[in-house]
Structure formats: C-alpha cells, structure tokens
Amino acid sequence: MGSLHALPCGVDFPAELVRGLIARMAAEPPEAMARVQLYLNSGRMQRRVREAFDAHGARYLPRLGLIADLARLPLAGIPPAVPPLRRRLELAQLVAGLAQRMPQFEPGAGLFSLADSLADLLAEMQDENVPPAAIEALDIQDSHAAHWQASLGFIRIVARYFDAASDPDPTGRLRRVIEALAQGWAAQPPQARIVIAGSTGSRGTTAELMQAVAALPRGMIVLPGYDADMPDFAWEALDAGTVPIEDHPQYRYRALGRRLGLPILPWTDATPPAPRRNALVSLALRPAPVTDQWMREGAALSDLPGTCARMTLIEAPDERHEALSIALVLRRAVEEGRPAALITPNRMLTRRVAAALDRWGITPDDSAGEPLQLTTAGRLLRHVARLRGRVLMLEPLLVLLKHPLAATGSAMRGSHLLYSRELELWLRRHGPAFPDRAALVKWAGAEPDRLAWASWVAGILEAFPEAPEAELADIIAAHLELTARLAAGPGGHVEASALWQREAGLECLRIMTDLSAEAAHAGRYGPADYADLLDTLFGAVQVRRTLSAHPGVLILGTLEARVQAAELVVLAGLNEGSWPEAPKPDPWLSRRMRLDAGLLLPERQIGLSAHDFQQAIGAPEVVLSRARRDGGAETVPSRWLNRMTNLLAGLGEGGACALAQMRARGAGWLALAGALPLPGAGGAPAARPAPRPPAEDRPRELPVTAIKTLIRDPYAIYAQRILRLRPLDPLRPEPDPRLRGEVLHLIMERFLRERPATETLAEAEARLLAVARAVLAAEIPWPSAQVLWLARIRRIAARLVQDEAARLAEGAPVVIEERGGITLPNGFRLTAKPDRIDVLTDGRAHLYDYKSGKPPSDAEVLHFDKQLLLEAAMVARGAFGATGPRRVAAMTYIRLGGDGETRDLPLLEEIDTTWAKFQRLIARYLDPATGYTARRALRSMRDKSDYDHLSRYGEWDLSDLPEGGR
C-alpha cells in the first residue's frame, strides 16, 4: 500500500513538497528522481515546484505533469476527446428545441448559458460516475415536480453522450484514462514512485486516481492545508448526520481518508508560521454540531492579543475604500521589501486595487490576468456582434469609430480620429438621431478625403441592419468581415491592423477559428443568440498580460492560496456572495435530486472556498478586509469572518481586546485611504459667480423665450450669449419633451397653413391626423414614439378641431410661426416668433401659444414666464408687419396634450406694465455694474442649469451672495 501525507496550513507547500521528496529520495541514486512521476493540480503549482527544485541546485527533476493532462494521454481503445466547444454547440441546439417547446422552462435564461449549465452537469455526472440511469430513477415529490420532470425528460435525450461507443468529452475521457491506468497498475504495479500533490480529492475522477495511486507500493499522496488541531470528535461530526457537512474546509479529507483507508501522516517536520492562529481558526471553523466546544476549548487559548498581533481587520464603508486600503497595505509591503499577495475571488475588487496601485507605478502580477471580453479586441468583436441587426444611433456609431482598434490598418488613422471627433460634434448639433449616408455626405462637403472617409463609414452603417437568422458559419463570416472592415479603415487592410495582435488579439483569433471549425455542429443563429454565444465564450477566458509586473506583489485567486509563499497576505472581499461565492442556480436538478443521485451539493464549493481561506489565513501576516456596502446595499460578512469575530468577542477580555486591536489596525489603513483622494491645501471653494462683462460685450438682441432665463438664471445668458457656450445634445438622442413640443408646433403650423376654404369637422379631424402622421414619420425616427404621440393627438383631435372652428368664426390667423422684432430706444432689439396671432372681426388681435405640457400659472407669467405678455406688447407696437399696431383682445394657451383644453390669460392690464418693467430690466443688464448671477431665481433646488458645472454650483450655496468679476 501507498501512503497518505499532508502539510499544515500556512507553510510554503511547493517548497515543503520538494524538500520532503528530496529527503525521501536521498538514499537512492540521483537518476531515480528522474523516474518519479509527480502529478500536480495546477499550472502555477507546477511552476512553483520547478522553482523549488531549482533552489536546491543542479539535480535530476521528476517528470512533472498535471492531473488534467491525463485526458490527452494516448491509450489504445480510447478515442480522442471531442472538443468542448463542439459538445456545447450540439447541446445548444437541443436546448433551443426545448426552449421552443417549453418556453416556461427557465424563462429569461440565455440559450448558450443553459447549454453551458447542461454541459457542466454532464461533465459532473461523468466526473462523479453517475450514469443517466441514476438520474432517471429519482423520485420527484416536491411542489415543482412538473419542472423537474421536464428537465429529467430532457436529460434522457442527452444520455447518448454516455454511451461507450460515443466519442467522449475531455471529462469523460479523463475518467476512461484513469480507469485504464488503475487496471494496468493493479495488474502490473510500476516500479517508480507516483506522487499526487496539491489536490484535495474534491472531484470524483481525481479521488479515483488517488485511490489507484494509494494502492501502489510506492504511491504517495500529499495533501495541502491539513488541520492537525481538530480533535477526533470534530472529525467524526463531519459525516455523522444524514447530510454530510460538505461546507467545512476539512470535509474532503475526511471523505478521502475513509475512501482510501489510510492514516494521514506528516510529509515533513515543517512548522506553520502561526501555529496559535491556526488553532484559533480551526476552533472558529468547527462544524455547527460541535460549536458548543467554543467556550470550553477557547478558554485554553492563551494570549489572544499576541495570537492575533499580526492580523488586521479592515471593515471599509464601501468597495472603493476597501480597494484603496488594500493598495496602501501592498504599497507599504513593497517599500519594506516584503513579498505580498492579495487573494480574493472578487475580480472587480482586484481591478480596483490594480488601478489604485498604478498611481505609484506598481503593476501587480495578476495570476488571472484580464477578462478577454474586456480587452480591446474582445470588446470590438462583442460590440459588432451585439449591434448587428440594428439601425445604429449616434452613440453606438461613436463607440465603434472611437474604438482603439478602429482604422488601425489604414494610413488615415490620424485623420480617422479627427473626423470622428468632428462628426460627433456635427451630429450632436444637427442630428439626425440615426445617422445615414445622406447626413454623412452633407457633413463631409466637397473635401475628397472627408468624403471618402464618410463613404467608408456609411458602408459600415448600412451593413449592420443586414443580419438575418442564418447558419452559424455564415453569421461568423459576416461578423468577421464587418469587424475586419472596421479595423482596416478606409483603404486599409485588416492584416496591417492591430485586431489580431498581442495576447488578446491572438486569443480572440483562436476562439473565432475554433468556432468556425465547429460551426457545422451548431445550426442556425440569430444576431442576439450569436452575441450571447460570444459573450459566453469570451467571458470564460482570461488573458495574461506581458507587462513588467512587480515581483513582490501578487494577485491570486482563492484556488492558488495553497501555492503562495508571501510573508503578507491580504484576504479581501470577505462578504457572503463574494467569498464564499453564491452557488450558481441549477436549472436541471434540485438539491434533493442531486443528493439522491450522488452528485455534488452546492455546499461542496463553499467547503473548497473555506479550505482556501483556512490555508491562506495561516500566512505569517494577514489582513482581512470587507466592504460594509456594495452598490448602495448592505453586505453580510463572510461566514468564516463572522465565526472568527464572534468567537473572539466571546472569549472574555483577551478575545475582545484582540478583536479591538485588529479593528484598530484596520481603522488606521482606512484613515489613510480616506485622506488619499483629498485635494491638497489651498483649494478654496469657488464663490457664487456674477460676472460683469463690459457694455460692448453684452448682448444687444434676445428672443422673448430668453427673457425668462434672464430673470431666473442670468448666468446662463452670460455663458450662452457672451461666452458663446452651448450644451451639446446627448450622445443618445431621445424623444424628449423639447422635441415633442417642436413636432406639435410643426403639426399645428402645417394644419393651419394647409387649411382649405371649407371643410367639415370630420374632414378637419381627418386632415389633422394625416398631417400628424406625415410630420411624425418625417421628424421622429423612433417608431414607438410615433405611435404614442399619434395616439395622444388622436385623443384630443375632435376637441381641437371643434375649438379651432370656434376660433375661426371669431377671426383669421395672420401670423403663424413668423419672426418679428422691435428695437428699444437704447438700441436693444427684442425678437419673437409667435405660434399664432389671429385678427378678430373687430380688428383687435388674439394671441395663441401652444403648450405641449402644462401652461404656466398667472403668477408665473406675471413674475417670470413673460413670453405671451411681451408678444402682446410687441403686437401693440407693430413689431409684426402682417398685423401692424393693434390692440390685444385676448391671450390664450392651447394645450396640445392632456385633454386639449384651452386657458385664457386674464392679464391684459399688465401688458403695458410688463413692457415698462422689461425696459428697466434690459437697461439694468446693459449697465456694466450689473452682474449675471448664477441660479438667481430657479423654481427649486432640484432644477438644473446647463451651466451648473461652469458656475461650479455645489461649491457655493444658494444663500451665498454673488461675487462679480469680468
């Protein structure tokens, strides 16, 4: 029989593994080491083991291999494995059929994500040696029996993948290879040592390999992170109940020891860096049935402040402060020359920490690298895939044109960047919301280079909507052709572009090549399903960057906790849902069904994470960190951190003191992190501005619509009319209230101008709706807005034409959306473009103002919104040539929304008073001593000005007195 060994938590596992192996081979000739077969669990472990051998000087090395590599071992009678991508594409077709027949099965789940989960289930069944017959034999009695019956019925369809005659996938082939090796070793045991190290035996196939090696005379197994502090009754409690306690960090060793029937022996005499801390953690992580021993055994733990002296607890208010604190901890380690490692499964947190370290020029060695979907090549391919089948708006067009890889294969790369910026400004000023060839040609003008570039952009734009459902091979070809055109640029070549360069580009090329090779097994895809497919494929790949990384700062995943040998270890993201991660939902089998079938429970992954935590916390110095809030929501501390703090808090004065000191050390780092982003001294807040430009720079002409702004927010007039700053339209144009108002005004203008001599109310209503349809179709590119706005007009059309007939009986429209103006004695000119002015039968004028929203109240008109009153004063003074000077009989608001109601403005006596006040207002603002105060009288504090950022609102308060200046 072989032997089963282990190393304690916190030791340098690769170094001790090599030291123990060399000691056991000391009595044998040097070349005997070359015959040793050493199987490891990960590529990083393999590299560390090789480095550890190098540290012992020149010698023969054992044959190093990975357990997963056995799946590629050529053996007679075992066919090569089917590419995993092919198997997933085949499953996706089956899942698509299920989704069509049963749309209620996992609604909202992506097609390929369901196929992935099914592939994972099949791999797990093969890994744990659970045949389809075991699944079919399940007795379903719960309240969701219909769903689980459907899933079982579907699993029966894919049972053919378990047939011995079928080509295996990599997991199935690994099991067949291990079974064949076990049979061969049983018949003829190898003479050389076979060692399996670094694995916990958590997977069924790996455990079977361990069992085969343990049966060999010279077979050895070395386990990482063994808890020698657990008493026997705690070990027995792990599987004493009906449901095993799989979420305990040491459960796998209990199960493996019982399966192999071997005692666990020490591999070397290595002492953990923090043995007293290991004992504390072991007690804290005891399984729930025996935590009543906390008080009794905890009393035997002496000097808890000393035990926890090299532990720090950071409880940050949010993830940003957590990342800054961790970055400061790692920076201090670099300054002191101590190797440090950050271990967390939270990839967003690691990116935050890396960004914070970048300010000091520290690039950590990130084991996971960068997600392929976030690289430049990955983003461009995903953007193009996601946008195919759509008519592009301004924002997605700019996303493509401004991508770092766009036009990199063209000599016009510099011009491309310039033209993209100029086109953005032009489109945001003039539109349209959905750019087309005509708009691009209009922008380009007659300049040949601009016209050629615009033609190239137009060609790309016109290719995006053409994306029908097709065979996957055709979809891939069209996608790659469009991406290549975008990367090549006008007159360029994709081979000269940066699309397929560097690690990310090469990895994307490999995935797209593999996908093209397996496309024949995939069936038909639409643009959305194809985009989901790429998201899934790219999201599963990480790309290692070849930038020069700092050798003393590592970022590791939780699985690599057993590989690291850093003096300072930061365990971050210790919240439920982060570490441990929340179990993925299983759409195919319930928890009870998994237990009955012999599959792994969700607690297995939690137990593995707990084991990683227990190993990592045994480092010489440890920093534990978590964020109290994530995305605005309260977080729950990780169960292991909760157990530790609860245990310490309950162990009397010593435990409470140790916990307080841990938190105090963490608070010190948080204080530094809080001070880090603060500006330096001398940054006094800005005062409330009221600039006073010279008289010659002040505006000498304003429209009546600007008078309201001059009263409420004079600074906006200063910024717009004097500084000539105008806000750009949004990158993502929307059918907003301003656009709705413009369209409604245009509808009424055309309705009035095209009025026949005679028509009935029914004919007028029909004509109004016809005009509305034509205007909406021409001016509004959003179909949903067209339908909604036309429905609103149809609702009030009858009342509108009836009221219009009454208005026409009293007079006739003379001014319809025509501009006029009047010059004051001081030279200032006021202009206006009234919606409508009717001349009544008695010769007086009636002013109408269309409102798409709620009209202003009389008080608002009297003090702020003086547009109608000023237009009435201009009519009385002959500002509009078509009417000449006339008395004003009435002023009326016509609402083109709501119920289509009208409201007369009963302020005729205020017309002359308003005109006199207006003249005084203009005279005051022509005076250089008058300042343009920011936010002088806005309706409420919630109202926003387009120039708040320019006036630095927020640094000053509305109660502050304005300060003038030029």
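In which loop is Pro-432 found? In this predicted model, Pro-432 is found in the loop between α18 and α19 (437-444). The peptide bond that leads from Gly-431 to Pro-432 is cis, with omega near 0°.

A cis peptide bond also joins Trp-579 to Pro-580, with omega near 10°. Pro-580 belongs to the loop between β15 (568-571) and α24 (591-597).

| Item | Backbone angle | Value |
|---|---|---|
| Gly-431 to Pro-432 (cis) | omega | near 0° |
| Trp-579 to Pro-580 (cis) | omega | near 10° |
| Asn-129 | phi | about 60° |
| Arg-724 | phi | about 60° |
| Gly-261 | phi | near 70° |

Asn-129 is not a glycine, yet its phi is positive; this residue lies in the loop between α4 (111-127) and α5 (132-136). Arg-724 likewise has a positive phi without being a glycine. The location of Arg-724 is the loop between α29 and α30. Arg-724 counts as exposed because its relative accessible area is 64%.

The loop between α29 (714-722) and α30 (737-753) also holds Leu-723. With a relative accessible area of 36%, Leu-723 is partly exposed. Together with Leu-725 and Leu-950, Leu-723 forms a nonpolar patch on the surface, and the accessible area of the three is about 210 Å².

The second largest pocket contains about 2,400 Å³ of space. Among the elements that give two or more residues to its lining are α18 (413-430), α28 (705-712), α29 and α30. The lining has 49 residues in total, and those nearest the centre of the pocket are Thr-705, Lys-708, Thr-709, Arg-738 and Glu-742.

Helix α10 (residues 251-260) is largely enclosed by the rest of the structure, because 7 of its 10 residues are buried. The buried residues of α10 include Tyr-251, Tyr-253, Leu-256 and Leu-260, as well as Arg-252 and Arg-254. Their packing partners include the strands β1 (3-8), β5 (219-226) and β6 (264-266), and also the helix α25 (603-616). Gly-261, with its positive phi, follows α10.

Is Phe-53 buried or exposed? Phe-53 is buried, since its relative accessible area is 1%. This residue lies in helix α2 (residues 43-55). Leaving aside neighbours within four places in sequence, Phe-53 is in contact with residues including Val-18, Leu-21, Ile-22 and Met-33, and also with Arg-59, Leu-61 and Pro-62. Between Phe-53 and Leu-238 the C-alpha to C-alpha distance is 37 Å, and the two are 185 residues apart in sequence.

Key:
Residues are numbered from 1 along each chain as its sequence is written. This is a predicted model: local features need pLDDT of at least 70, side-chain atom pairs count only at pLDDT 80 or more; totals for chains, interfaces and linings use all residues. Side-chain values use heavy atoms; hydrogens and water are left out. Patches are made of residues with over 30% relative accessible area and no salt bridge: like charges are joined within 9 Å, nonpolar side chains (Val, Leu, Ile, Met, Phe, Trp, Tyr) within 5 Å. Accessible areas come from the Shrake-Rupley method with a 1.4 Å probe; for residues, only the protein chains shown count as cover. A salt bridge is a side-chain nitrogen of Lys or Arg within 4 Å of a carboxyl oxygen of Asp or Glu. Helices (H or I, at least four residues) and strands (E, at least two) are DSSP runs, numbered from the N terminus. Buried means under 20% relative accessible area, exposed over 50%, partly exposed in between (1.4 Å probe, protein chains only). Contact means heavy atoms within 4.5 Å. On a 1 Å grid over the protein atoms alone, a cavity is a set of points where a 1.4 Å probe fits but cannot get out, and a pocket is an open set with protein on both sides within 12 Å along at least five of seven lines; lining residues have an atom within 4 Å of a point. Grid points are joined across faces, edges and corners, and a volume is the space filled by probe spheres set on the points.
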